[in-house]
Amino acid sequence: MAERREELLRAAVEQIEARGVAAVRIADVASALGVSNALVLYHFATKEKLVAAAFTHAAEGDLGRLSRILGRRTTALRRLRAAVRWYAPTGQAKGWRLWIEGWAVSLREPALQEVTRDLDRRWKAAITEVIAEGVAADEFHCPDPTGTALRLTALLDGLAVQLTSYPGAVSRARAQEWVDETLARELGLEREALTASAR
């Protein structure tokens, strides 16, 4: 039962990424797995519940990856830089199209709004925590870890929209430079020190 639900959620995420929330149908998810519509409805009852569960599934995957990066046994600066590099739209994080779609739909869907808000809150809390650890260890200076996490997230999310929705609006290389410059400035470091931390 749990494995089937997991399969349905993965298929729903793939279909949402391919078609968008508005266009995706229960039948699309069922067809992708070669199962009946009734089976999908048995697990999720409505399309809205399926979509909210699919976004929750994707969010938990992203947060799990973030937790593994931040849990490494190395300096706070290296962990923070690795997390930002992974999350940035120029990095290895997948699903920016999914999240942009989710943000748009969450304006009208309270259940989905709760999922996206929770992901945002947990991401910022994790980043705030590792920044505070770096400050406590005297690795860098940051008087407002919470504000830094908010500004950094806003930059990364905004760049994701530009790179995903408007190809060519900004190059991936330039976007990564802006991310590195911003992170270094927020931590009171020279950009070279930030780059050296990755070695």
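## Chatting through the helix packing

Q: How do helix 1 and helix 4 lie relative to each other, parallel or perpendicular?
A: Helix 1 and helix 4 are roughly perpendicular to each other. Angles of 65 to 115 degrees get that label, while under 35 is roughly parallel, over 145 roughly antiparallel and the rest oblique. Helices are DSSP runs (H or I, at least four residues), numbered from the N terminus.

Q: What sort of model is it?
A: It's a predicted model, where local features need pLDDT of at least 70 and side-chain atom pairs count only at pLDDT 80 or more, though totals for chains, interfaces and linings use all residues. Residues are numbered from 1 along each chain as its sequence is written, and side-chain values use heavy atoms, leaving out hydrogens and water.

Q: Back to those helices: at roughly what angle do their axes cross?
A: Roughly 95 degrees, and the axes come within 9 Å. An axis is a line fitted to C-alpha atoms, for helices over the stretch in contact, and angles run from 0 to 180 degrees between N-to-C directions.

Q: Which residues meet there?
A: Helix 1 brings Arg5, Glu6, Leu9, Arg10, Ala12, Val13 and Ile16, and they meet Leu50, Val51, Ala53, Ala54, Phe55, His57 and Ala58 of helix 4. Contact means heavy atoms within 4.5 Å. The residues split into 10 nonpolar, 1 polar and 3 charged. Asp, Glu, Lys and Arg count as charged; Ala, Val, Leu, Ile, Met, Phe, Trp, Tyr, Cys and Pro as nonpolar; the others, Gly among them, as polar.

Q: How many residues are in the largest nonpolar core?
A: That core has 60, and Val40, Phe55 and Leu66 have the most contacts inside it. Helix 4 gives the most to this core, with 11 residues. Such a core is a set of buried Ala, Val, Leu, Ile, Met, Phe, Trp, Tyr and Cys residues joined through side-chain atoms within 4.5 Å. Buried is under 20% relative accessible area, exposed over 50%, partly exposed in between (1.4 Å probe, protein chains only).

Q: What is Leu66 in contact with?
A: Skipping neighbours within four places in sequence, Leu66 is in contact with Ala83, Trp86, Trp123, Ala126 and Ile127.

Q: How many aromatic pairs are there?
A: There are 5. In Tyr87 and Trp123, the ring centres are 3.9 Å apart and the planes at 15 degrees, so that pair is stacked. Rings of Phe, Tyr and Trp (its six-membered ring) pair with centres within 6.5 Å; planes under 30 degrees apart are stacked, over 60 edge-to-face and the rest tilted.

Q: Why does the Tyr87 and Trp123 pair tie together parts apart in sequence?
A: Because Tyr87 is in helix 5 and Trp123 in helix 7, and those parts are 36 residues apart in sequence.

Q: Are those two buried or exposed?
A: Tyr87 is buried at 15% relative accessible area, and Trp123 is buried too, at 4%. Both belong to one aromatic cluster along with Trp86, Trp96 and Trp103.

Q: New topic: which residue just after helix 2 has a positive phi?
A: Gly34, at about 70 degrees. Most residues other than glycine have a negative phi.

Q: And where is Ala45?
A: Ala45 is in the loop between helix 3 and helix 4. Although not a glycine, Ala45 has a positive phi of about 70 degrees. Ala45 is partly exposed, at 46% relative accessible area.

Q: What about Asp138, buried or exposed?
A: Asp138 is exposed, at 68%. Asp138 lies in the loop between helix 7 and helix 8, with a positive phi of about 60 degrees.

Terms used
Helices (H or I, at least four residues) and strands (E, at least two) are DSSP runs, numbered from the N terminus.
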